[in-house]
Amino acid sequence: MVRMKKAVIIVAIMAIAVSFSFAEDANQLLKTVDEKLMPESYAAYRRLINEEPNGKKKEYIFFTVKKGKDKVAMLYLSPASEKGRATLRLGDNMWLYIPNVGKPIRITSLQSVVGGVFNNADILRLDFSVEYNATILEQNQTGYVLNLKAKNKTVAYDKLKMWVDKKTLLVTKIECYSASDMLIKTLDFKEIKNFGNGVISPSIVETYSPLYKGYRSTMIYSEIKPRKFPDEVFTLNYIPKLGDLR
Amino acid sequence: MMKLWFMVAFIFCHCGILFAQDYSFEIPQKEAKEERLELGGYLDGKYSVFHSRQSSPFYQLQFFDQGNLSQYLTQYMLELYLNGDYQTKDIGFHLKTYSTYDNDSAADFHLLEGYGNFNLSLSSFVQAGKRMYNWGKGYAFNPVGYVNPFKDPENPELEQAGIMSLSFEAIKNFNSNALKTTALTVIVVPPAEKINNRYAEIKNTDIAGKIYSLLWNIDVDVMGYYSKVNPIRFGADFSTNIRENIEAHGEMSYSKDATKNIIINKKPATMVQDAYSYLLGFRYLNRWNTTIIAEYYHNGIGLDKAEYTEYIDFLQHSIDSANQSAIKQALGYSQGYFKGVTLMQDYLYLKINQPEPFNWLYFTPSVFVIYNLKDRSLLLATPLSYKPFTNSEFIFWPTFLIGSDGTEFGNKQFQQRLELRMQTYF
């Protein structure tokens, strides 16, 4: 009987150890996916197209800077009605600066400063490994399917299902789920492009949602350049001056 | 056969070109990296219809020599906001102007901002000139807005005029989980009172200071305003995200020897007292993309119910006297010392905004209420915004001022106002 108990304990410990090692592998894989997708610090130009159910389109052009895993800032360059607006994200904190108002106001990750299917968390995306813990759901000859669980309640999506290409370790598709397992939106990563300076990543991210039938939003990267910034750039006092970095 | 294949290939290629999405785009002003000149602004055409409250003392003062007017008045106005920014790597100049045009003999020009900036480094800056500041975390009210322009809670996002000032800002970041950022702002405000319209005494210069910290994911500001002419004030504010869709904010201000304009025995007087003002609010976003902003505001130097009644009695007394100089004096006091939408002490502000309800594209209805907790009168507005084209917006903005006789909103000179606005950005 004592032997039996010992055997059960050993098997349980082994099972826990194996599951930890798989989780560690998955989290390490997620970090690699982050590194492959974008340089750690960069400046980029993006165009966002919101397509409405009636076929009309609204477009925005942004200048974006990012440092490390959790600092992102973005300046609206067009259209004229939005020009000069800027957003800042530091970890879980997000702010929107409107030139007329003259001060940054706190916004939440589920809001959308641009309308359409992308919300603030998508547009000011942090590294996935900062917000999620990963486990490997499936793997085959061509790729992995990761299950990502939010580390805390301020993260916009409770769960992500991520498809990763095994050869390039680039993400190809993400499904975003709520805590009640409802599919909120799907992101497709397309058109892998060599941006220079060793940056090879998808240049187009398309998103659509069962909650916004007929809407489709597309983010197009035109330029991604690895670039270093001091931390002080990612502060409320610097937001109105983001254009000076261009 | 070969020809047929060429034809098929040719058609296929052209179809590919026809159906391929064009993802290329031009980056605005990308080539001008060393110096950049940007011009922009917007034109606001505004047509308003006012339903007068002819029994209101404010109405009677405003139109005392105009005879019998109809109950409905209109106003048509063009407002032009023109902005220019010139920026090199370290030096910049910024201009914001506001012009109104009613008719050829009633056009006006205002300089909202005109200041130069010098970047000492990426983390310290100096600015000099006329500049707009906006302190405080409140949406409709800012008890700690010591250097802010006069805020209109009916339209808190309206561009406003700045103040002549010299300011210095410095930012410091830390590698700490508790304190991530701190920033210092010091503003020197030259005296407003001038000798011979030109000079001022240096001892009357005011100094305002603010220290911002991002502390455990909470924005915290501590600020003060020192003056020999104006009240000395200290305050603090905070803002934080409680959940992924709820933000909470608050402000608290203490004014030493604050002046309060009141009426005693039918005569204007000034009362000096220490006062506390505060605000508490939240912003909530629900799953249907509805944003709700709610705020409670206490104005420590606002009028209480008895003081407000005294003020209204004073205005009515001046009107009843039928003495032109007394009426003009009362109008002057009303516009100079009792200006603003909210004169009393305790208010609730509630705004609900719903972008594109029922899939009505480009249409955003909202409703907001400013409720006077002391006399239970209120201002209710339902702005409806429609943006069918890029860089243009149409706004249909009805406002209702509701309250019984003697209450703040029940006493305003108009009982309803309807605005139709067309804004074009460039």
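**Figure 1. A:Arg216 and A:Glu206 form a salt bridge in a predicted model.** The closest N and O atoms of A:Arg216 and A:Glu206 are 2.9 Å apart. A salt bridge here is a side-chain nitrogen of Lys or Arg within 4 Å of a carboxyl oxygen of Asp or Glu. The pair links distant parts of the chain, ten residues apart. A:Arg216 sits in strand β13 of chain A, and A:Glu206 in strand β12 (residues 199-209) of chain A. Strands (E, at least two residues) are DSSP runs, numbered from the N terminus. A:Arg216 is partly exposed, at 32% relative accessible area. A:Glu206 is buried, at 9%. Buried means under 20% relative accessible area, exposed over 50%, and partly exposed in between (1.4 Å probe, protein chains only).

Residues are numbered from 1 along each chain as its sequence is written, chains are lettered from A and ligands numbered from 1 in the order in which they are written, and side-chain values use heavy atoms, with hydrogens and water left out. Because the model is predicted, local features need pLDDT of at least 70 and side-chain atom pairs count only at pLDDT 80 or more, while totals for chains, interfaces and linings use all residues.

**Figure 2. A:Lys71 and A:Asp231 meet in a salt bridge.** Their closest N and O atoms are 4.0 Å apart. A:Lys71 lies in strand β3 (residues 71-78) of chain A, and A:Asp231 in the segment after β13 (212-226), so the pair ties together parts that are 160 residues apart in sequence. A:Lys71 is buried, with a relative accessible area of 18%. A:Asp231 also counts as buried, at 18%. Which residues does A:Lys71 contact, leaving aside its neighbours within four places in sequence? They are A:Val65, A:Lys66, A:Arg89, A:Leu90, A:Leu126, A:Asp231 and A:Phe234. Contact means heavy atoms within 4.5 Å.

**Figure 3. A:Lys225 and A:Glu223 are joined by a salt bridge.** The N to O distance is 3.9 Å. A:Lys225 is partly exposed, at 37% relative accessibility. A:Glu223 is buried, at 17%.

**Figure 4. Five residues of chain B belong to one salt-bridge network.** Salt bridges that share partners join B:Asp44, B:Glu154, B:Arg417, B:Glu419 and B:Arg421.

**Figure 5. Chain B meets chain A.** The contact takes 68 residues from chain B and 56 residues from chain A. The size of an interface is often given as the accessible area lost when the parts come together. Here the buried area is about 5300 Å². Carbon and sulfur atoms give 51% of that area. Buried area is the accessible area (1.4 Å probe) that two parts lose on being put together, summed over both.

**Figure 6. B:Asp219 forms a salt bridge with A:Arg106.** The closest N and O atoms of B:Asp219 and A:Arg106 are 2.7 Å apart. Across the interface of chain B and chain A, the rule finds two salt bridges. It also finds 20 residue pairs in polar contact, both residues at pLDDT 80 or more. A polar contact is a pair of N or O atoms within 3.5 Å; within protein, one must be able to donate a hydrogen and the other to accept it, and residues adjacent in sequence count only if both atoms are side-chain atoms. The side of chain B that touches chain A has 24 nonpolar, 24 polar and 20 charged residues. Ala, Val, Leu, Ile, Met, Phe, Trp, Tyr, Cys and Pro count as nonpolar, Asp, Glu, Lys and Arg as charged, and the others, Gly among them, as polar.

**Figure 7. B:Ser99 lies in strand β3 of chain B.** The strand covers residues 91-103. Is B:Ser99 buried or exposed? At 19% relative accessibility, B:Ser99 counts as buried. Leaving aside neighbours within four places in sequence, B:Ser99 is in contact with B:Leu78, B:Glu79, B:Leu80, B:Asp108 and B:Phe109.

**Figure 8. B:Tyr386 lies in strand β17 of chain B.** This strand covers residues 384-386. B:Tyr386 is partly exposed, at 38% relative accessibility. Not counting residues up to four places away in sequence, B:Tyr386 touches B:Leu361, B:Tyr362, B:Phe363, B:Ser392, B:Glu393 and B:Phe394. B:Tyr386 and B:Phe282 are 104 residues apart in sequence and 26 Å apart in space, C-alpha to C-alpha.

Definitions and conventions: Helix = DSSP H or I, 4+ residues; strand = E, 2+ residues; numbered from the N terminus.
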